[in-house]
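Open the model in your viewer and keep the selection tool ready. We will go stop by stop.

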Amino acid sequence: MGSPQDPRTRRKQRLRRAKKNLEWELKRERENAAAAAPKTPPKTAI
């Protein structure tokens with residue numbers, strides 16, 4: 001099961017993969033930004 005030999009199908013597949021990669025990278029960027037945000041220190045009971 002290799003890649004399709006038909007140029008049109010190959011192009012469609014490549015574009016779809018590029019779109020998915022872009023979406024994934026954007027999602028990852030958002031997650032990293034959320035993780036890097038300063039966390040509130042835990043409240044200490046006195």
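Is Glu31 buried, exposed or partly exposed? Select Glu31: at 40% relative accessibility, the residue counts as partly exposed. Buried means under 20% relative accessible area, exposed over 50%, and partly exposed in between (1.4 Å probe, protein chains only).

A word on the model before you go on. This is a predicted model, where local features need pLDDT of at least 70 and side-chain atom pairs count only at pLDDT 80 or more, while totals for chains, interfaces and linings use all residues. Residues are numbered from 1 along each chain as its sequence is written, and side-chain values use heavy atoms, with hydrogens and water left out.

The term means a side-chain nitrogen of Lys or Arg within 4 Å of a carboxyl oxygen of Asp or Glu. The structure holds one salt bridge. Arg28 and Glu31 are about one helical turn apart because they are three residues apart in helix 1. Arg28 is partly exposed, at 38% relative accessible area.

**Now select Arg17.** Arg17 lies in helix 1, which covers residues 7-36. Helices are DSSP runs (H or I, at least four residues), numbered from the N terminus. Arg17 is partly exposed, at 42% relative accessibility.

With Arg17, they gather in a patch of positive charge on the surface. Patch residues have over 30% relative accessible area and no salt bridge, and like charges are joined within 9 Å.

**Last stop: Ala18.** Ala18 is also in helix 1. Its relative accessible area is 45%, so Ala18 is partly exposed. Select Pro4 too: Ala18 and Pro4 are 14 residues apart in sequence and 16 Å apart in space, C-alpha to C-alpha.

Definitions and conventions: Patch = residues over 30% accessible without salt bridge, like charges linked within 9 Å, V, L, I, M, F, W, Y side chains within 5 Å. Areas by Shrake-Rupley, 256 points an atom, 1.4 Å probe, with all protein chains shown as cover. Lys, Arg positive; Asp, Glu negative; His and termini not counted. Charge placed at Lys NZ, Arg CZ, Asp CG, Glu CD. Helix = DSSP H or I, 4+ residues; strand = E, 2+ residues; numbered from the N terminus.
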